[in-house]
Amino acid sequence: MIVKCIVAYDGSMYCGWQVQPGSPSIQETIEKALKKMHKREVSIVGSGRTDTGVHALGQVFHFETELKLTPFHWCAAINRLLPKSIRIQDAQVMPDDFHARFDVVSKRYDYYVTRDADNPFIQNYMGKERRELDLEAMQECASIFVGTHDFTSFTSNKIHAEKSRVRTITRVEAEAYESGVRMIFEGDGFLRYQVRMMAQTLIEAGLHHEDKDSILKMLEAKDKHACHYKAEACGLYLVKVNYEEE
């Protein structure tokens, strides 16, 4: 039986989603909880990776199980064995061919940046920029990323000829949020560091260090060295993973 879970987590204490020797990861922590429930090793498959310090409101994973619990009891049982920084939000039994990674239709990430840089309570949860950001300039430049593009210039991935760096981005927005700005990125998938690189590029546009023409040149260059910006990990949140049945 396949169970799909939606999980939220505070990534500031973890090395990211994926298991890494010698460092605590989200995946490893959840698998340890499931091992206690099943009395055996249980592997989970996530919708994708998040990096060190990145947070999630709606990460998705699946696993195989012989246990028969209601959605409520799955959430309660797993959460009882997890630290407070990781919380299962929902669980449901899925068809046997469901795959948390390969069945993804789209994802949404939000990035938060604040002027309140000396607030100790947001240090691990927002990017910091003391200067005023020009929201109109950011929104104008955000439109450059919408559509189907080769995002080689906005990734740290190693270049492999057989791996496509083309992604379709359906939504990029910048809006006022409390003492700063929230940026919304939605698309069929993202390359490693792509959202953080786009986010910092838009921040630079908000500071008038970049404009629409210079950012377009970065994108069209399809060159790993074209963009040297990357926003802090702590401001990034995986908000939602969408699947066809939804």
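Visitor: What does the charged end of Lys 230 sit over?
Guide: The charged end of Lys 230 sits over the ring of Tyr 193, at 4.0 Å from the centre of that ring (such a charge is NZ of Lys or CZ of Arg within 6 Å of the ring centre and within 35 degrees of the ring normal). This is a predicted model, in which local features need pLDDT of at least 70 and side-chain atom pairs count only at pLDDT 80 or more, while totals for chains, interfaces and linings use all residues. Residues are numbered from 1 along each chain as its sequence is written, and side-chain values use heavy atoms, with hydrogens and water left out.

Visitor: Switching to Gln 59, where is it placed?
Guide: Gln 59 belongs to strand β3, which covers residues 55-64 (helices are DSSP runs of H or I with at least four residues, strands are runs of E with at least two, and both are numbered from the N terminus).

Visitor: And is Gln 59 buried or exposed?
Guide: Gln 59 has a relative accessible area of 0%, so it counts as buried (under 20% is buried, over 50% exposed and in between partly exposed, with a 1.4 Å probe and protein chains only).

Visitor: Which side chain does the Gln 59 side chain make a polar contact with?
Guide: The partner is the side chain of Ser 47, at 2.4 Å (a polar contact pairs N or O atoms within 3.5 Å; within protein, one must be able to donate a hydrogen and the other to accept it, and residues adjacent in sequence count only if both atoms are side-chain atoms). A polar atom of the Gln 59 side chain also lies 3.0 Å from the backbone oxygen of Gly 48.

Visitor: How many aromatic pairs does a search of the whole structure find?
Guide: The search finds nine aromatic pairs (rings of Phe, Tyr and Trp, the last by its six-membered ring, with centres within 6.5 Å; planes under 30 degrees apart are stacked, over 60 edge-to-face and the rest tilted). One of them is the tilted pair of Trp 17 and Phe 61, with 6.2 Å centre to centre and 40 degrees between the planes. This pair links distant parts of the chain, 44 residues apart, since Trp 17 is in the loop between β1 (2-9) and α1 (26-38) and Phe 61 is in strand β3. Trp 17 is buried at 4% relative accessibility, and Phe 61 is buried at 0%.

Visitor: Why is the pair of Tyr 109 and Phe 190 edge-to-face?
Guide: Their planes stand at 90 degrees, with the ring centres 5.5 Å apart, so the pair is edge-to-face. Tyr 109 lies in strand β5 (104-114) and Phe 190 in the loop between β9 (180-187) and α4 (194-206), so parts 81 residues apart in sequence are tied together. Tyr 109 is buried at 8%, and Phe 190 is buried at 17%.

Visitor: Which residues do ring pairs link into a cluster?
Guide: The cluster consists of Tyr 9, Trp 17, Phe 61, Phe 63 and Trp 74.

Visitor: Last topic, which helix holds Thr 201?
Guide: Thr 201 is found in helix α4 and is buried at 0% relative accessibility. A polar atom of its side chain lies 2.7 Å from the backbone oxygen of Met 197, and the contacts of Thr 201 beyond four places in sequence include Phe 145, Phe 154, Ile 215 and Tyr 229.

Notes. Contact means heavy atoms within 4.5 Å.
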